[in-house]
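Dear colleague,

I am passing on the structure below, together with a short account of what came out of going through it. Please read the notes beside the coordinates.

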Amino acid sequence: MTVPRPIRRLVRTLVPLALGSLLASVALAGKLTGTCTLRASGKTLAPGTVVWIETIPPKVEERIVRGPVRWFWQKKLPPAPLPELALRAGRFQPSWTVSVVGGPIVVRNADKVWHGVFSVTPGAAFDLGKMPPGRVDTLRFARVHNLSVRCDIHPGETATIQLVPNHAFVVADSAGRWKLPDLPPGDYQLRAWRPGARTLKQTVVMPKRGDLDVAVHW
């Protein structure tokens with residue numbers, strides 16, 4: 001019995017993808033999860049904590065950016081929205097955002113008045129000048145920073161941009177829980193930041209087998 005040519009083509013396409021996905025899953029040790037709490041009270045933190053890994057293998061970064069293998073019958077996922085700071089009703093909404101180094105950050109004047117968005121953060125200063133209603137600008141930064149953003153027309157308007165070095169980052173949920181992408185075994189430098197607090201640093205060791213759960217305390 002001769003296999004039709006379209007089916008042979010489909011098999012040649014799907015088999016390498018399946019094998020690649022299997023090998024990738026074998027090479028990865030497991031999931032890195034955790035909880036963010038306040039040390040004094042033990043209470044979990046509200047949404048707004050960013051957790052990331054300082055350095056990851058290039059292949060892991062490629063896998064995260066590429067996303068999971070999508071079979072031909074699965075719908076293509078829409079692209080993730082770009083990080084954005086929008087001025088509405090006289091304040092930044094949201095009051096902070098997170099972006100990967102080199103990635104675009106949208107600054108939008110969605111207000112009915114002019115604004116002047118700027119930062120004097122050392123090594124990442126910028127000035128967008130006077131922004132009329134409806135204007136949209138895009139920022140990009142080359143290094144990891146925690147930027148304080150302000151408006152030179154309205155001193156009370158402030159926001160923060162947290163830049164991370166790669167796509168192995170996550171924002172904790174309302175229960176203070178977070179889960180990073182799977183990582184191969186080895187030592188990693190974990191970082192965590194939340195608005196109004198300092199950046200925490202600690203070393204985590206991913207085991208050769210199994211998952212790892214980490215507690216982050218302020």
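Asp152 and Lys130 join their side chains in a salt bridge at 3.3 Å, N to O, a salt bridge being a side-chain nitrogen of Lys or Arg within 4 Å of a carboxyl oxygen of Asp or Glu. Because Asp152 sits in the loop between strand E10 (146-151) and strand E11 (158-164) while Lys130 belongs to strand E8 (residues 126-131), the pair ties together parts that are 22 residues apart in sequence; strands (E, at least two residues) are DSSP runs, numbered from the N terminus. Asp152 is partly exposed at 37% relative accessibility, and Lys130 is partly exposed at 45%, where buried means under 20% relative accessible area, exposed over 50% and partly exposed in between, with a 1.4 Å probe and protein chains only.

Please keep in mind that this is a predicted model, in which local features need pLDDT of at least 70 and side-chain atom pairs count only at pLDDT 80 or more, whereas totals for chains, interfaces and linings use all residues. Residues are numbered from 1 along each chain as its sequence is written, and side-chain values use heavy atoms, with hydrogens and water left out.

The whole structure holds six salt bridges, among them that of Lys31 and Asp182 (3.3 Å, N to O), which links strand E1 (residues 30-37) to strand E13 (residues 177-183) across 151 residues. Another of them joins Glu84 and Arg108 at 3.1 Å, N to O, with Glu84 in strand E3 (residues 84-88) and Arg108 in strand E6 (residues 105-109), 24 residues apart.

Methods. Helices (H or I, at least four residues) and strands (E, at least two) are DSSP runs, numbered from the N terminus.
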